Amino acid sequence: MKYDFDKVLDRNGTESLKWVYPRKVLKVEDAIPMWVADMDFEAPPAVVEAIRRRAAHGIYGYPLVPPSFWQAAIDWLKRRHGWEVTKDWMAMTPGIVAALNYCVRAFTKPGDGVIIQTPVYFPFFHAVENNGRRVVRNPLRFDGCRYTMDFEDLERKIDGPGQMLILCSPHNPVGRVWTRDELETLGLIAVARDLLVISDEIHADLIYAGHRHHVLASLSPGLADRTVTCIAPSKTFNIPGLSTAAVVSSNSGLLKKFEDEAERAGFELGQVFGIVGFEAAYAHGEDWLDELLPYLEANVDFMEKFLEERVPGVRFIRPEGTYLALLDCRGLGLEPAALNDFFLKKARVYFSDGTMFGSELEGFVRINFGCPRALLLEALERIERAVKAIGK
Ligand SMILES: Cc1ncc(COP(=O)(O)O)c(C=O)c1O
C-alpha cells in the first residue's frame, strides 16, 4: 500500500466543522464526529503538493481557470465513467449546493413544484424552499434492507412539462448506486413527460465492488438534452473545503441559463486553491482513490459484522457506494427525537439525525465511516456499551 489510511490525524485546531461542532458547540469534548460528509484522511499527496507550491508564491490575486483544469475533468469523466464531454459543456461552480440553488432559480418560477426523492440530502429541500418553490416528494420505497425508486408515484407527481427533478445519484443518505435499468426507466419517464433533471453525481466515484455508476446524461441523447449533471472532486478526494466544482450539460441553452444565474448570484471568478486542487485531484489522484475504495469497503464489512454480532438492536443498511450509511435504530425502542442525543451523550459519537433527510427516517441515523479503522472501532465499541446499558 502506498497510502496509509490507518493514520489517525489530529484535526483539533483546524476549524473543522465536523470536529468543532460536537466538541465545542455541543460541548461533548471527546465526541467522535461521524456526521457531516468529509473524511478524516489526508487528501492525495499530489493535491497537497500542488497547493503547497501555489501557496509558496505568496500572491493570491484573482485567478483565471486554465485549460488544464477543464482537461483534467474531461479526461477523468472519460476514463472513470466512459462519458465524453467537451469544455463548452462545462461551467464552474463554488459547490454543488450553490449549483442546485442556481438551477432552481434558473429553470423554475416561484411557486413551481420541484420533485425530490426523499429521504434525501437536506440541502435539496433548502434549494427548493429557500427560493420560494415547492418540494414535491417522490418517496423512495424501503423493504427493510434496500431502497428503490417508486416510478408509479413519480408519474403521478409530475405537474406538467418542463418540471424539475433533482436526482441524487448515487443516493445520499440511502447508499444506493442506481442500476442502469433504474436510471433508464427514470430516463424514459423524463423524456416522455418532459422533465428537466438536475443530476447530482457528486458521489459518483465512490462505488463498491459489484456496482457501477452510470452517468444519467450518457444514457441517451434525449436525456442528455434535458439534464444538468453536477460533478466534483470534493467527496472523492476529500477536498470539500476547497469549494470548487462543476456542472456539465450538452444543452447549450441550459448551460447559458445556469451561467447567467451564477453571474446574478455574483459568482464569476473561482478560488485560487480550489482551482489548483480540483485539477491536481482529477489529474493525479487516481491511484490514491484506487487504494481508498477497498479501505472504505473494508470499513463497510467491518461495521456490518460488528453491528450484526454485537449490537443486534441496530440494523446496518449496507451502502453500495458513498462513505455514508444509515443505521436503522428503531429496534432500540428510543423516542426518535431523543435518538441522536442518546448517541452523543451516552455513546459520545455524533451522527446526522435521520430526520434531517426527511420524516421517512425517524428512528434512523446516518453514519460517516470515512475514517481510519481504529476510530471506527472505537466508535462502534462506544455504541455497543451505550446500547447494552439500556438493555438492548
Ligand atoms: C448529494 C450531495 N450533494 C452535494 C453535496 C455538497 O456539495 P458542495 O460541498 O459542493 O456544495 C453533498 C455533501 O455531502 C452531497 O452529499
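Modeller: The model is a predicted one, and every value below is computed from it. By that criterion the ligand is surrounded by A37, G95, I96, V97, Y121, C168, N172, D200, I202, H203 and K235. The space that the ligand takes is the largest pocket.

In the case of H203, an N or O atom of the side chain lies 2.7 Å from an oxygen atom of the ligand. For K235, the distance between a side-chain N or O atom and an oxygen atom of the ligand is 2.9 Å. On its own the ligand has 400 Å² of accessible area, and the protein covers 88% of this.

Two cis peptide bonds come next. One runs from T118 to P119, with omega near 0°. P119 belongs to the loop that lies between β3 (113-116) and α5 (123-129); Y121, for its part, is a member of the ligand shell. The other cis bond joins S169 and P170, and its omega is about -10°. P170 is placed in the loop between β7 (164-168) and α7 (180-192), while C168 and N172 are among the residues around the ligand.

A further backbone feature concerns E15, which is not a glycine and yet has a positive phi of about 55°. E15 is located in the segment before α1 (17-25).

Finally, there is a sheet to describe. Strands of a sheet pair through backbone hydrogen bonds, either parallel or antiparallel. Here four strands form an open sheet in the order β11-β12-β15-β14, and the pairing is antiparallel. Its edge strands, each pairing on one side only, are β11 (315-317) and β14 (352-353). Strand β12 (residues 324-328) runs antiparallel to strand β15 (residues 364-368), and five bridges join them. L324 has N368 as its bridge partner in β15.

How values were computed: Residues numbered from 1 in each chain as written. Predicted model: local features only at pLDDT ≥ 70, side-chain atom pairs only at ≥ 80, totals over all residues. Heavy atoms only, no water. Near = heavy atom within 4 Å. Polar contact = N/O pair within 3.5 Å; in protein donor to acceptor, adjacent residues only side chain to side chain. Areas by Shrake-Rupley, 256 points an atom, 1.4 Å probe, with all protein chains shown as cover. 1 Å grid on protein atoms, 1.4 Å probe; cavity = no way out; pocket = protein on both sides within 12 Å on 5 of 7 lines; lining within 4 Å. Sits in = over half its atoms within 2 Å of the grid points. Pairing = 2+ DSSP bridges. Helix = DSSP H or I, 4+ residues; strand = E, 2+ residues; numbered from the N terminus.
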